[in-house]
Amino acid sequence: MKPLLAKDNISPPLAKGGWGDLPWEKIACALAARSAFAIITGGPGTGKTTTVVRLLALLQGLTFDAKQPPLRIRLAAPTGKAAARLNASIAGRIADLPLAALANGEQIRAAIPTSVTTLHRLLEPLPHSRHFRYHAGNPLPVDLVVVDEASMVDVEMMARLLEALRPEARLILLGDKDQLASVEAGAVLGDLCAGAAAAHYTPATGDWLQRVTGATLPNKYIDPAGLALAQVTVMLRHSYRFRADGGIGALAAVVNAEPTTSEQLDPTQRFNAALQLFPEKSSSIAQQPNAAKQLTAIQLPNTQANEFIDLVCDGYRGYLAAMHDDDPGDNAAPTAIDAWAHTVLAAQAEFQLLAVLREGIWGVTGLNQHIVTLLQQKGLLRIENATGTPSQWFAGRPVLVTRNDANLQLMNGDIGITLAVPVRNAEPPHLTRRVLRVAFPRSDGSNGIRWVLPSRLQAVETVFAMTVHKAQGSEFTHTALVLPDAVNPVLTQELIYTAITRSKQRFTLLYTQSSVLGEALCRRVVRSSGIANSLKRLNISTENAANV
Ligand SMILES: Nc1ncnc2c1ncn2[C@@H]1O[C@H](COP(=O)(O)OP(=O)(O)OP(=O)(O)O)[C@@H](O)[C@H]1O
(Lines give C-alpha, C1' and ligand atoms only; values in the text may rest on other atoms or scores of the structure.)
Protein backbone atom coordinates (compact mmCIF):
# COMPACT_ATOMS: atom_id res chain seq x y z
CA MET A 1 0.00 0.00 0.00
CA LYS A 2 1.26 3.46 -0.88
CA PRO A 3 2.25 5.57 2.16
CA LEU A 4 -0.53 8.06 2.73
CA LEU A 5 1.37 10.46 4.93
CA ALA A 6 3.51 12.12 2.30
CA LYS A 7 4.92 14.86 4.49
CA ASP A 8 7.90 14.33 6.77
CA ASN A 9 6.18 16.10 9.57
CA ILE A 10 2.71 16.75 10.94
CA SER A 11 1.34 20.27 10.49
CA PRO A 12 2.72 22.25 13.46
CA PRO A 13 -0.62 23.30 15.05
CA LEU A 14 -1.67 19.68 15.24
CA ALA A 15 1.58 18.74 16.88
CA LYS A 16 1.25 21.23 19.73
CA GLY A 17 1.20 20.43 23.43
CA GLY A 18 -0.42 18.00 25.81
CA TRP A 19 1.19 14.83 24.59
CA GLY A 20 2.59 13.54 27.92
CA ASP A 21 5.93 11.73 28.37
CA LEU A 22 5.73 9.83 25.13
CA PRO A 23 3.47 11.51 22.59
CA TRP A 24 1.16 8.52 22.10
CA GLU A 25 -1.59 10.69 20.64
CA LYS A 26 0.84 12.08 18.07
CA ILE A 27 2.11 8.57 17.34
CA ALA A 28 -1.51 7.49 16.85
CA CYS A 29 -2.11 10.33 14.39
CA ALA A 30 1.05 9.51 12.46
CA LEU A 31 0.49 5.76 12.20
CA ALA A 32 -3.20 6.11 11.39
CA ALA A 33 -2.46 8.78 8.78
CA ARG A 34 -0.09 6.58 6.81
CA SER A 35 -2.32 3.53 6.72
CA ALA A 36 -5.73 2.58 5.36
CA PHE A 37 -6.55 0.78 8.61
CA ALA A 38 -5.74 1.80 12.17
CA ILE A 39 -6.75 0.99 15.72
CA ILE A 40 -6.60 3.51 18.55
CA THR A 41 -7.28 1.88 21.90
CA GLY A 42 -7.22 3.27 25.41
CA GLY A 43 -9.12 3.35 28.69
CA PRO A 44 -11.76 5.94 29.55
CA GLY A 45 -10.77 9.54 28.98
CA THR A 46 -7.40 8.74 27.41
CA GLY A 47 -8.09 11.10 24.53
CA LYS A 48 -9.31 8.72 21.81
CA THR A 49 -11.93 11.17 20.56
CA THR A 50 -9.60 14.16 20.82
CA THR A 51 -6.92 12.25 18.94
CA VAL A 52 -9.19 11.04 16.16
CA VAL A 53 -10.51 14.57 15.64
CA ARG A 54 -6.91 15.80 15.32
CA LEU A 55 -6.24 12.95 12.93
CA LEU A 56 -9.26 13.84 10.79
CA ALA A 57 -8.06 17.46 10.71
CA LEU A 58 -4.63 16.27 9.64
CA LEU A 59 -6.08 14.09 6.87
CA GLN A 60 -8.41 16.80 5.57
CA GLY A 61 -5.49 19.26 5.69
CA LEU A 62 -3.34 16.93 3.59
CA THR A 63 -6.24 16.43 1.16
CA PHE A 64 -6.72 20.17 0.74
CA ASP A 65 -2.96 20.66 0.29
CA ALA A 66 -3.12 18.12 -2.52
CA LYS A 67 -5.94 20.17 -4.11
CA GLN A 68 -8.37 17.28 -3.77
CA PRO A 69 -12.00 17.36 -2.66
CA PRO A 70 -12.50 16.80 1.09
CA LEU A 71 -12.59 13.21 2.28
CA ARG A 72 -16.12 11.87 2.75
CA ILE A 73 -15.98 10.86 6.40
CA ARG A 74 -18.63 9.00 8.43
CA LEU A 75 -18.57 8.47 12.20
CA ALA A 76 -20.34 5.41 13.60
CA ALA A 77 -20.84 3.44 16.80
CA PRO A 78 -22.37 0.01 17.44
CA THR A 79 -25.33 1.18 19.53
CA GLY A 80 -27.60 4.20 19.58
CA LYS A 81 -26.43 5.03 23.07
CA ALA A 82 -22.76 4.95 22.09
CA ALA A 83 -23.52 7.05 19.00
CA ALA A 84 -25.39 9.58 21.13
CA ARG A 85 -22.48 9.79 23.58
CA LEU A 86 -19.96 10.49 20.81
CA ASN A 87 -22.43 12.94 19.26
CA ALA A 88 -22.44 14.82 22.55
CA SER A 89 -18.66 15.11 22.78
CA ILE A 90 -17.38 15.40 19.22
CA ALA A 91 -18.57 18.92 18.45
CA GLY A 92 -16.67 20.27 21.45
CA ARG A 93 -13.48 18.49 20.40
CA ILE A 94 -13.79 19.89 16.86
CA ALA A 95 -14.38 23.40 18.21
CA ASP A 96 -11.25 23.04 20.38
CA LEU A 97 -8.98 22.11 17.45
CA PRO A 98 -6.02 24.48 17.47
CA LEU A 99 -6.28 25.41 13.79
CA ALA A 100 -6.18 29.20 14.01
CA ALA A 101 -2.62 29.41 12.70
CA LEU A 102 -3.51 27.61 9.47
CA ALA A 103 -4.75 29.72 6.54
CA ASN A 104 -7.35 27.06 5.70
CA GLY A 105 -7.99 26.12 9.35
CA GLU A 106 -11.72 26.88 9.25
CA GLN A 107 -12.12 25.00 5.98
CA ILE A 108 -10.51 21.97 7.66
CA ARG A 109 -12.73 22.32 10.73
CA ALA A 110 -15.87 22.47 8.59
CA ALA A 111 -14.82 19.28 6.78
CA ILE A 112 -15.00 17.16 9.94
CA PRO A 113 -18.44 15.63 10.53
CA THR A 114 -20.19 16.31 13.80
CA SER A 115 -22.91 13.71 13.60
CA VAL A 116 -22.51 10.08 14.56
CA THR A 117 -24.70 7.26 13.35
CA THR A 118 -25.06 3.62 14.36
CA LEU A 119 -23.33 0.99 12.25
CA HIS A 120 -26.75 -0.40 11.36
CA ARG A 121 -27.95 2.93 10.06
CA LEU A 122 -24.66 3.54 8.28
CA LEU A 123 -25.20 0.36 6.25
CA GLU A 124 -28.94 1.13 5.87
CA PRO A 125 -30.95 -1.99 6.75
CA LEU A 126 -33.52 -3.01 4.13
CA PRO A 127 -37.06 -3.24 5.51
CA HIS A 128 -38.21 -6.72 6.64
CA SER A 129 -34.86 -8.29 5.81
CA ARG A 130 -31.51 -9.06 7.37
CA HIS A 131 -29.74 -7.41 4.44
CA PHE A 132 -28.29 -3.95 4.09
CA ARG A 133 -28.39 -1.47 1.24
CA TYR A 134 -24.60 -1.21 1.31
CA HIS A 135 -22.49 -4.33 0.76
CA ALA A 136 -19.63 -5.54 -1.44
CA GLY A 137 -21.75 -5.11 -4.59
CA ASN A 138 -22.93 -1.63 -3.61
CA PRO A 139 -20.20 -0.18 -1.37
CA LEU A 140 -20.61 2.82 0.90
CA PRO A 141 -19.88 6.07 -0.93
CA VAL A 142 -17.35 7.18 1.69
CA ASP A 143 -13.59 7.58 1.94
CA LEU A 144 -13.15 7.06 5.66
CA VAL A 145 -15.20 5.42 8.42
CA VAL A 146 -14.42 5.91 12.11
CA VAL A 147 -16.00 3.34 14.45
CA ASP A 148 -16.12 4.30 18.12
CA GLU A 149 -16.71 1.76 20.95
CA ALA A 150 -15.35 -0.91 18.62
CA SER A 151 -15.08 -3.39 21.52
CA MET A 152 -18.86 -3.81 21.23
CA VAL A 153 -18.83 -4.72 17.55
CA ASP A 154 -19.38 -8.43 16.98
CA VAL A 155 -17.73 -10.46 14.25
CA GLU A 156 -20.77 -10.48 11.98
CA MET A 157 -21.27 -6.71 12.06
CA MET A 158 -17.56 -6.13 11.53
CA ALA A 159 -17.66 -8.45 8.51
CA ARG A 160 -20.68 -6.58 7.05
CA LEU A 161 -18.86 -3.26 7.50
CA LEU A 162 -15.62 -4.48 5.91
CA GLU A 163 -17.55 -5.89 2.95
CA ALA A 164 -19.33 -2.58 2.46
CA LEU A 165 -16.12 -0.51 2.29
CA ARG A 166 -14.66 0.39 -1.09
CA PRO A 167 -11.13 -1.00 -1.60
CA GLU A 168 -9.72 2.55 -1.39
CA ALA A 169 -11.69 3.44 1.74
CA ARG A 170 -10.05 3.76 5.13
CA LEU A 171 -11.18 2.45 8.49
CA ILE A 172 -10.24 3.61 11.99
CA LEU A 173 -11.38 1.65 15.04
CA LEU A 174 -11.53 3.36 18.44
CA GLY A 175 -12.27 1.57 21.68
CA ASP A 176 -11.14 0.19 24.98
CA LYS A 177 -9.61 -3.24 24.42
CA ASP A 178 -10.05 -4.16 28.09
CA GLN A 179 -13.83 -3.78 28.12
CA LEU A 180 -16.20 -6.69 27.83
CA ALA A 181 -16.60 -7.92 24.31
CA SER A 182 -19.88 -7.89 22.42
CA VAL A 183 -22.62 -10.12 23.79
CA GLU A 184 -22.87 -11.56 20.28
CA ALA A 185 -20.08 -13.72 18.90
CA GLY A 186 -16.56 -12.45 18.99
CA ALA A 187 -14.15 -10.16 20.76
CA VAL A 188 -12.88 -8.38 17.69
CA LEU A 189 -11.13 -5.40 19.28
CA GLY A 190 -9.70 -7.42 22.18
CA ASP A 191 -8.21 -9.91 19.74
CA LEU A 192 -6.83 -7.28 17.39
CA CYS A 193 -5.26 -5.39 20.32
CA ALA A 194 -3.80 -8.42 22.10
CA GLY A 195 -0.25 -6.98 21.96
CA ALA A 196 -1.10 -3.28 22.11
CA ALA A 197 0.42 -2.60 25.54
CA ALA A 198 3.89 -3.69 24.37
CA ALA A 199 3.40 -1.90 20.98
CA HIS A 200 5.67 -4.33 18.97
CA TYR A 201 6.74 -1.69 16.49
CA THR A 202 9.43 -2.81 14.08
CA PRO A 203 12.72 -0.89 13.97
CA ALA A 204 11.52 0.57 10.62
CA THR A 205 8.32 1.85 12.25
CA GLY A 206 10.35 3.19 15.18
CA ASP A 207 12.69 5.09 12.82
CA TRP A 208 9.77 6.45 10.81
CA LEU A 209 7.99 7.61 13.95
CA GLN A 210 11.18 9.28 15.15
CA ARG A 211 11.44 11.19 11.86
CA VAL A 212 7.78 12.16 11.71
CA THR A 213 6.92 12.82 15.35
CA GLY A 214 10.33 13.46 16.89
CA ALA A 215 9.61 10.78 19.53
CA THR A 216 12.24 8.16 20.28
CA LEU A 217 10.54 4.98 21.40
CA PRO A 218 12.24 3.03 24.20
CA ASN A 219 13.51 -0.43 23.21
CA LYS A 220 10.72 -2.16 25.11
CA TYR A 221 8.29 -1.04 22.40
CA ILE A 222 10.49 -2.23 19.51
CA ASP A 223 10.13 -5.77 18.16
CA PRO A 224 11.83 -6.82 14.91
CA ALA A 225 9.21 -9.58 14.61
CA GLY A 226 6.24 -7.21 15.10
CA LEU A 227 3.19 -8.12 13.01
CA ALA A 228 1.80 -5.74 10.41
CA LEU A 229 -1.23 -5.23 12.63
CA ALA A 230 0.96 -3.89 15.44
CA GLN A 231 2.30 -1.19 13.10
CA VAL A 232 -1.18 0.32 12.81
CA THR A 233 -2.24 -0.09 16.44
CA VAL A 234 -1.70 2.50 19.16
CA MET A 235 -2.63 2.35 22.80
CA LEU A 236 -3.23 5.67 24.58
CA ARG A 237 -2.13 5.36 28.16
CA HIS A 238 -2.78 8.56 30.08
CA SER A 239 -6.29 9.19 31.40
CA TYR A 240 -7.12 12.89 31.30
CA ARG A 241 -10.41 12.16 33.05
CA PHE A 242 -9.23 10.17 36.05
CA ARG A 243 -6.18 10.63 38.23
CA ALA A 244 -3.96 7.56 38.09
CA ASP A 245 -3.13 7.70 41.79
CA GLY A 246 -6.60 7.62 43.29
CA GLY A 247 -10.30 7.17 42.83
CA ILE A 248 -11.95 5.58 39.81
CA GLY A 249 -8.81 5.61 37.63
CA ALA A 250 -6.71 3.80 40.20
CA LEU A 251 -9.43 1.27 40.92
CA ALA A 252 -9.87 0.55 37.19
CA ALA A 253 -6.10 0.01 36.89
CA VAL A 254 -5.98 -2.38 39.86
CA VAL A 255 -8.94 -4.36 38.57
CA ASN A 256 -7.51 -4.48 35.07
CA ALA A 257 -4.01 -5.56 36.12
CA GLU A 258 -3.03 -8.90 34.65
CA PRO A 259 -2.74 -11.30 37.61
CA THR A 260 0.77 -12.64 37.14
CA THR A 261 2.39 -13.52 40.46
CA SER A 262 0.90 -16.15 42.77
CA GLU A 263 0.20 -13.38 45.27
CA GLN A 264 -1.91 -11.50 42.72
CA LEU A 265 -3.69 -14.73 41.86
CA ASP A 266 -4.88 -15.12 45.43
CA PRO A 267 -8.54 -13.96 45.60
CA THR A 268 -8.17 -12.54 49.11
CA GLN A 269 -5.10 -10.51 48.09
CA ARG A 270 -6.87 -9.26 44.98
CA PHE A 271 -9.92 -8.27 47.00
CA ASN A 272 -7.81 -6.43 49.57
CA ALA A 273 -5.78 -4.62 46.90
CA ALA A 274 -8.99 -3.35 45.32
CA LEU A 275 -10.80 -2.55 48.57
CA GLN A 276 -7.98 -0.51 50.06
CA LEU A 277 -8.65 2.11 47.38
CA PHE A 278 -12.07 2.80 48.87
CA PRO A 279 -11.72 5.56 51.46
CA GLU A 280 -14.94 4.63 53.23
CA LYS A 281 -16.17 1.12 53.76
CA SER A 282 -19.50 -0.17 54.94
CA SER A 283 -21.04 3.23 55.39
CA SER A 284 -23.92 4.96 53.69
CA ILE A 285 -23.07 7.47 50.99
CA ALA A 286 -25.19 10.14 52.57
CA GLN A 287 -22.95 10.13 55.65
CA GLN A 288 -19.72 10.68 53.74
CA PRO A 289 -17.93 13.98 53.28
CA ASN A 290 -17.78 15.14 49.65
CA ALA A 291 -14.11 14.37 49.16
CA ALA A 292 -14.65 10.71 49.94
CA LYS A 293 -17.58 10.24 47.61
CA GLN A 294 -15.78 9.08 44.47
CA LEU A 295 -15.45 5.47 45.65
CA THR A 296 -17.69 3.71 48.14
CA ALA A 297 -17.83 0.04 49.07
CA ILE A 298 -20.81 -1.26 51.01
CA GLN A 299 -21.12 -4.80 52.31
CA LEU A 300 -24.81 -5.69 52.41
CA PRO A 301 -26.57 -8.48 54.28
CA ASN A 302 -29.56 -8.39 51.88
CA THR A 303 -31.62 -6.11 49.66
CA GLN A 304 -33.65 -4.89 52.67
CA ALA A 305 -30.56 -3.23 54.19
CA ASN A 306 -30.98 0.48 54.85
CA GLU A 307 -27.79 1.29 52.94
CA PHE A 308 -29.25 -0.30 49.82
CA ILE A 309 -32.60 1.44 50.20
CA ASP A 310 -30.91 4.84 50.76
CA LEU A 311 -28.59 4.36 47.80
CA VAL A 312 -31.37 3.47 45.38
CA CYS A 313 -33.82 6.11 46.60
CA ASP A 314 -31.14 8.83 46.63
CA GLY A 315 -29.95 7.69 43.19
CA TYR A 316 -33.35 7.83 41.50
CA ARG A 317 -34.92 10.68 43.48
CA GLY A 318 -33.33 13.32 41.19
CA TYR A 319 -34.95 12.33 37.92
CA LEU A 320 -38.30 11.53 39.54
CA ALA A 321 -38.22 15.01 41.10
CA ALA A 322 -37.37 16.53 37.70
CA MET A 323 -40.35 14.70 36.22
CA HIS A 324 -42.71 16.40 38.69
CA ASP A 325 -41.00 19.74 39.32
CA ASP A 326 -40.15 20.55 35.69
CA ASP A 327 -43.51 19.42 34.25
CA PRO A 328 -44.31 22.23 31.78
CA GLY A 329 -48.07 22.06 32.45
CA ASP A 330 -51.14 21.13 30.46
CA ASN A 331 -50.86 23.96 27.94
CA ALA A 332 -47.17 23.56 27.15
CA ALA A 333 -45.90 23.82 23.58
CA PRO A 334 -44.31 20.70 22.01
CA THR A 335 -40.85 22.28 22.32
CA ALA A 336 -41.37 22.76 26.08
CA ILE A 337 -42.49 19.14 26.41
CA ASP A 338 -39.37 17.98 24.53
CA ALA A 339 -37.20 20.15 26.77
CA TRP A 340 -38.83 18.56 29.83
CA ALA A 341 -38.06 15.09 28.45
CA HIS A 342 -34.43 16.12 27.88
CA THR A 343 -34.15 17.31 31.48
CA VAL A 344 -35.65 14.09 32.87
CA LEU A 345 -33.48 11.89 30.62
CA ALA A 346 -30.34 13.79 31.65
CA ALA A 347 -31.28 13.49 35.33
CA GLN A 348 -31.93 9.77 34.88
CA ALA A 349 -28.39 9.31 33.54
CA GLU A 350 -27.05 10.67 36.84
CA PHE A 351 -27.33 7.30 38.54
CA GLN A 352 -27.48 3.70 37.37
CA LEU A 353 -27.51 0.47 39.28
CA LEU A 354 -25.65 -2.30 37.46
CA ALA A 355 -25.99 -6.02 38.12
CA VAL A 356 -24.03 -8.99 36.89
CA LEU A 357 -26.84 -11.48 36.36
CA ARG A 358 -30.44 -11.45 35.19
CA GLU A 359 -31.90 -13.90 37.70
CA GLY A 360 -31.79 -14.15 41.50
CA ILE A 361 -32.32 -11.49 44.16
CA TRP A 362 -29.14 -9.72 42.99
CA GLY A 363 -30.09 -10.07 39.31
CA VAL A 364 -31.78 -7.34 37.26
CA THR A 365 -35.23 -8.93 37.20
CA GLY A 366 -35.50 -9.25 40.98
CA LEU A 367 -33.82 -5.90 41.61
CA ASN A 368 -36.15 -4.06 39.24
CA GLN A 369 -39.23 -5.43 41.00
CA HIS A 370 -37.74 -4.65 44.40
CA ILE A 371 -36.77 -1.09 43.43
CA VAL A 372 -40.24 -0.31 42.05
CA THR A 373 -41.68 -1.40 45.41
CA LEU A 374 -39.12 0.66 47.35
CA LEU A 375 -39.75 3.80 45.31
CA GLN A 376 -43.50 3.38 45.79
CA GLN A 377 -43.08 2.91 49.54
CA LYS A 378 -41.04 6.12 49.69
CA GLY A 379 -43.75 7.97 47.75
CA LEU A 380 -41.41 8.60 44.81
CA LEU A 381 -43.39 6.56 42.28
CA ARG A 382 -47.07 5.73 41.62
CA ILE A 383 -47.72 2.72 39.45
CA GLU A 384 -51.53 2.70 39.69
CA ASN A 385 -53.47 3.77 36.63
CA ALA A 386 -56.59 6.01 36.70
CA THR A 387 -58.72 3.14 38.00
CA GLY A 388 -56.33 2.50 40.86
CA THR A 389 -54.94 -0.81 39.61
CA PRO A 390 -51.19 -1.34 39.38
CA SER A 391 -50.03 -1.07 35.79
CA GLN A 392 -46.97 -2.25 33.88
CA TRP A 393 -46.71 1.23 32.36
CA PHE A 394 -46.47 4.19 34.73
CA ALA A 395 -45.02 7.72 34.64
CA GLY A 396 -41.35 7.53 35.53
CA ARG A 397 -40.80 3.98 34.25
CA PRO A 398 -37.35 3.90 32.64
CA VAL A 399 -37.14 1.29 29.89
CA LEU A 400 -34.34 -0.37 27.98
CA VAL A 401 -34.88 -1.48 24.38
CA THR A 402 -33.76 -5.10 24.06
CA ARG A 403 -34.14 -5.59 20.28
CA ASN A 404 -33.54 -3.35 17.28
CA ASP A 405 -36.77 -1.97 15.87
CA ALA A 406 -36.27 -0.45 12.42
CA ASN A 407 -39.85 0.86 12.22
CA LEU A 408 -39.58 2.78 15.47
CA GLN A 409 -35.94 3.62 14.73
CA LEU A 410 -34.92 2.27 18.12
CA MET A 411 -31.80 0.26 18.78
CA ASN A 412 -31.05 -2.48 21.25
CA GLY A 413 -29.62 -0.61 24.26
CA ASP A 414 -31.59 2.64 23.84
CA ILE A 415 -33.04 3.98 27.10
CA GLY A 416 -36.32 5.90 27.31
CA ILE A 417 -38.50 7.26 30.10
CA THR A 418 -42.25 7.03 30.34
CA LEU A 419 -43.88 10.41 30.90
CA ALA A 420 -47.49 11.51 31.25
CA VAL A 421 -47.70 14.09 28.48
CA PRO A 422 -50.58 16.53 27.94
CA VAL A 423 -52.78 15.89 24.89
CA ARG A 424 -55.57 18.27 23.85
CA ASN A 425 -58.83 16.81 22.65
CA ALA A 426 -59.63 17.85 19.07
CA GLU A 427 -63.30 18.48 19.87
CA PRO A 428 -64.54 21.42 21.91
CA PRO A 429 -64.16 22.23 24.73
CA HIS A 430 -60.62 21.00 23.92
CA LEU A 431 -59.95 19.52 27.31
CA THR A 432 -56.44 18.35 28.05
CA ARG A 433 -55.77 14.89 29.34
CA ARG A 434 -52.54 13.11 30.20
CA VAL A 435 -51.41 10.07 28.23
CA LEU A 436 -48.33 7.90 28.70
CA ARG A 437 -45.63 8.22 26.06
CA VAL A 438 -42.04 7.01 26.17
CA ALA A 439 -39.38 9.62 25.43
CA PHE A 440 -36.18 8.45 23.71
CA PRO A 441 -33.33 10.78 22.80
CA ARG A 442 -32.82 10.72 19.01
CA SER A 443 -29.40 9.32 18.16
CA ASP A 444 -29.21 11.02 14.75
CA GLY A 445 -27.40 14.08 16.05
CA SER A 446 -30.57 16.22 15.88
CA ASN A 447 -30.83 16.43 19.68
CA GLY A 448 -34.56 15.78 19.37
CA ILE A 449 -36.91 13.46 21.27
CA ARG A 450 -38.65 10.45 19.75
CA TRP A 451 -42.05 9.90 21.46
CA VAL A 452 -43.37 6.35 21.31
CA LEU A 453 -46.68 4.84 22.41
CA PRO A 454 -46.00 2.25 25.13
CA SER A 455 -48.15 -0.32 23.30
CA ARG A 456 -45.82 -0.15 20.29
CA LEU A 457 -42.80 -1.16 22.36
CA GLN A 458 -42.59 -4.92 22.03
CA ALA A 459 -39.09 -5.57 23.36
CA VAL A 460 -38.39 -3.41 26.40
CA GLU A 461 -37.71 -3.99 30.08
CA THR A 462 -37.68 -1.78 33.17
CA VAL A 463 -34.19 -0.50 33.77
CA PHE A 464 -33.75 0.69 37.33
CA ALA A 465 -31.12 -2.04 37.28
CA MET A 466 -29.37 -3.20 34.12
CA THR A 467 -26.71 -5.75 33.38
CA VAL A 468 -23.13 -4.58 32.92
CA HIS A 469 -23.25 -6.06 29.41
CA LYS A 470 -26.16 -3.79 28.49
CA ALA A 471 -24.43 -0.76 30.02
CA GLN A 472 -21.51 -0.94 27.59
CA GLY A 473 -21.22 2.26 25.59
CA SER A 474 -23.09 4.26 28.27
CA GLU A 475 -21.78 6.49 31.03
CA PHE A 476 -23.46 7.65 34.22
CA THR A 477 -22.40 10.28 36.71
CA HIS A 478 -22.72 7.73 39.53
CA THR A 479 -22.65 3.99 38.86
CA ALA A 480 -23.31 1.36 41.52
CA LEU A 481 -22.37 -2.24 40.83
CA VAL A 482 -24.09 -4.93 42.84
CA LEU A 483 -22.28 -8.26 42.92
CA PRO A 484 -24.12 -11.57 43.22
CA ASP A 485 -23.74 -13.57 46.44
CA ALA A 486 -21.98 -16.48 44.74
CA VAL A 487 -19.21 -16.84 42.18
CA ASN A 488 -20.51 -17.08 38.62
CA PRO A 489 -18.69 -17.77 35.33
CA VAL A 490 -19.74 -14.42 33.79
CA LEU A 491 -18.10 -12.53 36.66
CA THR A 492 -14.65 -11.59 35.35
CA GLN A 493 -12.06 -8.81 35.57
CA GLU A 494 -13.35 -7.36 32.28
CA LEU A 495 -16.89 -7.20 33.63
CA ILE A 496 -15.86 -5.36 36.81
CA TYR A 497 -13.56 -3.05 34.80
CA THR A 498 -16.42 -2.27 32.39
CA ALA A 499 -18.76 -1.50 35.30
CA ILE A 500 -16.26 0.81 37.01
CA THR A 501 -15.46 2.68 33.82
CA ARG A 502 -19.16 3.47 33.20
CA SER A 503 -18.79 5.99 36.07
CA LYS A 504 -17.98 9.60 35.32
CA GLN A 505 -17.66 10.79 38.90
CA ARG A 506 -18.68 8.18 41.46
CA PHE A 507 -18.56 4.44 41.76
CA THR A 508 -20.21 2.38 44.50
CA LEU A 509 -19.51 -1.29 44.99
CA LEU A 510 -22.19 -3.37 46.69
CA TYR A 511 -21.27 -6.88 47.74
CA THR A 512 -22.28 -9.56 50.17
CA GLN A 513 -19.24 -11.88 50.01
CA SER A 514 -15.72 -10.51 49.68
CA SER A 515 -14.67 -13.81 48.11
CA VAL A 516 -16.92 -13.17 45.09
CA LEU A 517 -15.01 -10.01 44.11
CA GLY A 518 -11.66 -11.66 44.83
CA GLU A 519 -12.48 -14.65 42.62
CA ALA A 520 -13.72 -12.38 39.82
CA LEU A 521 -10.51 -10.36 39.88
CA CYS A 522 -8.51 -13.53 39.30
CA ARG A 523 -10.42 -14.43 36.16
CA ARG A 524 -10.14 -13.00 32.66
CA VAL A 525 -12.37 -13.69 29.66
CA VAL A 526 -10.96 -16.14 27.15
CA ARG A 527 -11.08 -14.28 23.83
CA SER A 528 -13.08 -16.09 21.22
CA SER A 529 -13.41 -14.29 17.91
CA GLY A 530 -10.77 -16.51 16.27
CA ILE A 531 -9.20 -13.41 14.72
CA ALA A 532 -6.01 -13.65 16.80
CA ASN A 533 -5.36 -17.20 15.66
CA SER A 534 -6.10 -16.32 12.06
CA LEU A 535 -3.60 -13.49 12.24
CA LYS A 536 -0.95 -15.81 13.65
CA ARG A 537 -1.71 -18.40 10.95
CA LEU A 538 -1.40 -15.76 8.25
CA ASN A 539 1.97 -14.82 9.76
CA ILE A 540 1.89 -11.37 8.21
CA SER A 541 5.51 -10.37 7.85
CA THR A 542 7.10 -7.20 9.11
CA GLU A 543 8.22 -6.34 5.59
CA ASN A 544 4.53 -5.82 4.83
CA ALA A 545 4.36 -3.65 7.89
CA ALA A 546 7.19 -1.42 6.75
CA ASN A 547 5.28 -0.78 3.53
CA VAL A 548 2.00 0.08 5.16
N1 LIG B 1 -3.77 15.87 25.07
C2 LIG B 1 -4.67 16.28 25.96
N3 LIG B 1 -4.34 17.20 26.89
C4 LIG B 1 -5.23 17.62 27.80
N5 LIG B 1 -6.51 17.18 27.89
C6 LIG B 1 -6.90 16.26 26.99
C7 LIG B 1 -6.00 15.76 26.00
N8 LIG B 1 -6.67 14.84 25.26
C9 LIG B 1 -7.91 14.76 25.80
N10 LIG B 1 -8.05 15.63 26.81
C11 LIG B 1 -9.27 15.84 27.61
O12 LIG B 1 -9.58 14.63 28.29
C13 LIG B 1 -10.98 14.39 28.28
C14 LIG B 1 -11.25 13.04 27.62
O15 LIG B 1 -10.86 13.12 26.27
P16 LIG B 1 -11.59 12.28 25.14
O17 LIG B 1 -13.07 12.45 25.21
O18 LIG B 1 -10.92 12.60 23.85
O19 LIG B 1 -11.20 10.80 25.60
P20 LIG B 1 -11.84 9.40 25.18
O21 LIG B 1 -10.76 8.40 25.33
O22 LIG B 1 -12.46 9.53 23.83
O23 LIG B 1 -12.94 9.24 26.27
P24 LIG B 1 -14.12 8.16 26.41
O25 LIG B 1 -13.71 7.29 27.51
O26 LIG B 1 -15.28 9.04 26.75
O27 LIG B 1 -14.27 7.46 25.11
C28 LIG B 1 -11.60 15.55 27.55
O29 LIG B 1 -12.05 16.48 28.50
C30 LIG B 1 -10.47 16.13 26.73
O31 LIG B 1 -10.64 17.52 26.50
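Two strands count as paired here if DSSP finds at least two bridges between them. I am working from a predicted model.

Entry 1, the sheet. I looked up strand 2 (residues 73-77) and found that it pairs with strand 3 in the parallel sense, over three bridges. In that pair, A76 stands opposite T117 of strand 3. I then noted helix 3 (residues 48-65), which packs on the sheet and touches strand 1 (37-42), strand 2, strand 4 (144-147), strand 5 (170-175) and strand 6. The direction of helix 3 makes about 165° with that of strand 5.

I traced the whole sheet next: it is open, has six strands in the order 3-2-4-5-1-6, and its pairing is parallel. Strand 3 (116-118) and strand 6 (233-236) are at the edges with a single partner strand each, so one side of each lacks a neighbour in the sheet.

I checked helix 12 (residues 306-325) against helix 14 (residues 364-377); their axes come within 10 Å and cross at roughly 75°. Angles of 65 to 115 degrees count as roughly perpendicular, so I list helix 12 as roughly perpendicular to helix 14. From helix 12, F308, I309, V312, C313, Y316 and L320 meet L367, H370, I371, L374 and L375 of helix 14.

I found A198 in the loop between helix 8 (188-192) and helix 9 (203-213). Its relative accessible area is 32%, so A198 is partly exposed. Leaving out residues up to four places away in sequence, A198 touches K220 and Y221.

Conventions: Residues numbered from 1 in each chain as written. Predicted model: local features only at pLDDT ≥ 70, side-chain atom pairs only at ≥ 80, totals over all residues. Heavy atoms only, no water. Helix = DSSP H or I, 4+ residues; strand = E, 2+ residues; numbered from the N terminus. Buried < 20%, exposed > 50% of the residue type's maximum accessible area, 1.4 Å probe, protein only. Contact = heavy atoms within 4.5 Å. Axes fitted to C-alpha atoms, helices over the stretch in contact; angles between N-to-C directions. Parallel < 35°, antiparallel > 145°, perpendicular 65-115°, else oblique.
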